[in-house]
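Here are my notes on the ligand site and on one helix. Please read them with the model open.

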Amino acid sequence: MRSRKSLFITFEGIEGSGKSYQTKKLFNYIKKKKIPVILTREPGGTPSAEKIRNLILKDYFHKDFKEKFNKYTDTLLYLAARNEHVQNKIKPALSTNKIVLCDRFIDSTMAYQVYGKGINKNFIDFVHGFILHGIKPDFTFLLKVKIPKLLKRLKKRKKMNRYDKFSNNFYIAAQKAFVKIANKDKSKYLVLDNSSDSNHVQNVISNKFEELL
Ligand code: TMP
């Protein structure tokens with residue numbers, strides 16, 4: 001059983017939406033208040049899950065690989081990483097009343113694997129039934145970015161990311177999928193346009209966090 005004092009907050013959005021940046025900002029804000037908090041991410045977050053992350057990301061970038069993971073293999077790897085992460089990090093942290101901030105979680109699987117790759121949703125729900133143990137985010141910040149701004153941000157990155165070479169249409173579709181998910185339960189999501197580099201979004205997020213406390 002989860003304690004009421006714990007809080008599980010996730011950040012979702014496409015690459016270049018600034019979600020990792022905003023997750024870190026909120027983490028520092030909470031740490032300053034001396035509230036027990038952990039910052040984690042998916043895929044990854046534990047040594048074993050990070051190994052799986054490397055496997056997934058390597059498969060995307062290795063140009064010479066003739067055989068790529070089948071989309072169900074790829075999906076199962078995300079879910080395998082999630083299992084390690086939930087069991088070994090998220091669940092223990094929540095059960096000791098910590099605040100957990102996670103950069104990506106189940107909505108990324110919905111947006112990329114279900115909406116993006118056509119993976120059967122029942123398949124994901126079925127596996128989640130075994131690995132999540134009823135754990136779901138208390139609140140999700142969905143960060144949006146305008147496409148020209150996104151392209152600018154991706155260009156600046158030194159490390160190439162999975163979808164950096166994808167067409168604009170891919171980004172637009174993935175972002176639409178995230179918004180669709182968020183609109184299904186407005187009490188648990190806040191959709192924010194994070195295209196401008198001002199502090200505004202950061203302030204809105206920390207104010208919402210205070211409300212959630
Ligand atoms: P990152 O860019 O946030 O580090 O995430 C790594 C990649 O993993 C990113 O391209 C999105 C992708 N991803 C999925 O496709 N499905 C998932 O369930 C998760 C958590 C991430």
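1. A polar contact here is a pair of N or O atoms within 3.5 Å. The model is a predicted one, and the distances below are computed from it.

2. For K19, the distance from a polar side-chain atom to a ligand oxygen is 3.1 Å. For R82, an N or O atom of the side chain is 3.3 Å from an oxygen atom of the ligand. Of the 480 Å² of accessible area that the ligand has on its own, the protein covers 95%.

3. Which elements give two or more residues to the shell around the ligand? They are α3 (71-95) and α4 (106-116). Helix α4 contributes the most, with 4 residues.

4. The ligand is surrounded by 15 residues, and the closest are E15, R53, R104, T109 and Q113. By class, the shell holds 7 charged, 4 polar and 4 nonpolar residues.

5. The buried residues of α8 are V201, I205, S206, K208 and F209. Viewed down the helix axis, the buried residues of α8 fall within an arc of 160 degrees, so they line one face of the helix. The face turned away from that buried side carries the exposed residues H200, N207 and E211.

Technical notes. Residues are numbered from 1 along each chain as its sequence is written. This is a predicted model: local features need pLDDT of at least 70, side-chain atom pairs count only at pLDDT 80 or more; totals for chains, interfaces and linings use all residues. Side-chain values use heavy atoms; hydrogens and water are left out. A residue is near a molecule or strand if one of its heavy atoms lies within 4 Å of it. A polar contact is a pair of N or O atoms within 3.5 Å; within protein, one must be able to donate a hydrogen and the other to accept it, and residues adjacent in sequence count only if both atoms are side-chain atoms. Accessible areas come from the Shrake-Rupley method with a 1.4 Å probe; for residues, only the protein chains shown count as cover. Ala, Val, Leu, Ile, Met, Phe, Trp, Tyr, Cys and Pro count as nonpolar, Asp, Glu, Lys and Arg as charged, and the others, Gly among them, as polar. Buried means under 20% relative accessible area, exposed over 50%, partly exposed in between (1.4 Å probe, protein chains only). The arc is that of the directions from the helix axis to the C-beta atoms.
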